[in-house]
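Dear colleague,

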Amino acid sequence: MIQLFHVTKYYDGCLALSDISLRIEKGECVLLTGPSGAGKTTLLKLIFGAEHPDEGQILVQNRNIARLGGSDIPYHRRTMGYVLQDFKLLPQRTVSENVALPLIIRGLSSFESRRKVLEALRAVGMDHKLSTIASVLSAGEQQRVCIARAIVNSPIILLADEPTGNLDPQLTTEIAALFKAINTRGTTVMMATHNRQVVEQLNGRILRLDCGHLVSDQGAYT
Amino acid sequence: MKRLWYFIREAYTSLRTHQTSTLIGILTTAFTLTSFGIFLLLYHNVHNLLGQVQHTIQIIVYPKDAIESGKLRDLQQGLKADPAVDSLTFMSKQDALREFKEQFPEEVYLLEGLGESPFPASLVLTMAAKTPTTDMIANLVNRLKHHPDIDRVRYNRDWIERLTLIIAYMEFGALVVGSILALASVTIIAITVQLAFHTRQQEIEILRLIGATSLFISIPYLIEGALLGAAGGGMALGFLRGGFEFFTHKTQGMSVFGGFSSELEFFPLPLSLILIAGGILLGCLGTLTTIYGSLRFRL
């Protein structure tokens, strides 16, 4: 599903990732851990197509991301969901409008769009707040809406960058449970996290990065 | 359909959010198009006047005295078929004599002893109102002058050529002034859209995150620019109409205009639509200037 071959990335001459090679299978739950600046976010951005590797190749569903042109990147992104620590919701829009955005981009009909939005919000337990303006939601609710938006297109890969970074332990448990449920349904989940509680709860494959190097890989499929 | 609704709503939201810059954009476009429109209106009316003047131009062709009647008939048919010619009147020697006697009854004694009629027969050509250019008229005169059955040709070309020159200067002036003002308008609209663009960076980032193409992100801004331009174009048309009515009302019957003001006409519908389309084009150009660099090379 995802393959990295000797991937290296620099930012202004500083090494962010060094010679990373790995293979992630369909349906895996992968947790990227390591201290700040270890390269977790960079690795996710490379897979997402937000950055180009300076060296090496990245295959996502047999497509070489390193060679994708600027106009192909959006179509690549539509095959995956991305959840960020800072939610990235449109604050003046309703919950359903926020979740429907990826479907509008894909040009789905209103009927199909409404059905999928409701389905996604039901999956994260937010279907009762369809018409609520995003800015009045609590942090935990906002993150749930973000997850709903990330899964509304039924992506095959769900990337998450510190999704529980702004949440208290109770909410962290709830959000981690959501990711677990999404992964159980067959979606490949790749999450960067500092949080030991999340790592334990998700119980997935752990990739540990340090100063841009992959220092350990525990629980990989063999 | 949902996409279209989304684009229109985004454009409307942006216009409503940035009311001041929207107003400046509309006014600048309106000012640009009004200034350009004044030139266009002047050009349109002078061009019309030229058509009318051309219609009053007469070319008088004097066939040779010894021309056979068959050849004269061929000559008349050939001239009637010319696109520059609207009508042709044959004036025989007797007609010319009669006309002289009618116009100058006191001078008839001058013709005594000169025989049947001392005046030559002539063909009086009237020019078509719209079709002929001065070049066409000049070509026609040139051909006639070299015709073996024609003695001489008379017409007054000086002032029609001067009028054509004035029109050429006006065309050039409109082009220069129009270009400068259009550039100013494009710049102001670009700044207006840029403001909207900057205040919505977070939204653009989110759209990129969920797989929106640059085109998808750009369309609401293009609609915004087009709406700004259309509003400016409509406003300019209103200014021009108002100014035109005011001018024609004030100059009606003034001797300095020699009754010409009653002949003035406002833009016909196609030209009015072109003016609004010009506003839309300026708006879209302003938007494209802003978004081209911002979106194209970003991942």
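In chain A, which like the rest of this structure belongs to a predicted model, strand β4 (residues 55-60) is joined to β5(A) by 2 bridges, and the two strands run antiparallel. If you look for Val60(A) in this pair, you will find that Arg63(A), in β5(A), is its bridge partner. These two strands belong to an open sheet of 4 strands in chain A, which follow one another in the order β2-β1-β4-β5 with antiparallel pairing. At the edges of this sheet stand β2 (14-24) and β5 (63-64) of chain A, each of which pairs on one side only.

Chain B also holds an open sheet of 4 strands with antiparallel pairing, and here the order is β2-β3-β1-β4. Its edge strands, each pairing on one side only, are β2 (85-91) and β4 (150-154) of chain B. On average, and with direction ignored, neighbouring strands of this sheet are turned by 20 degrees against each other.

Within the sheet of chain B, strand β1 (residues 58-63) and strand β3 (residues 122-127) pair in the antiparallel sense over 4 bridges, and along this pair Ile60(B) stands opposite Val124(B), which lies in β3(B). Which helix packs on this sheet? Helix α3 (residues 69-80) of chain B does, touching β1, β2 and β3 of chain B, and the direction of this helix makes about 155 degrees with that of β2(B).

Key. Residues numbered from 1 in each chain as written. Chains lettered and ligands numbered in written order. Predicted model: local features only at pLDDT ≥ 70, side-chain atom pairs only at ≥ 80, totals over all residues. Pairing = 2+ DSSP bridges. Axes fitted to C-alpha atoms, helices over the stretch in contact; angles between N-to-C directions. Contact = placed C-beta atoms within 7 Å.
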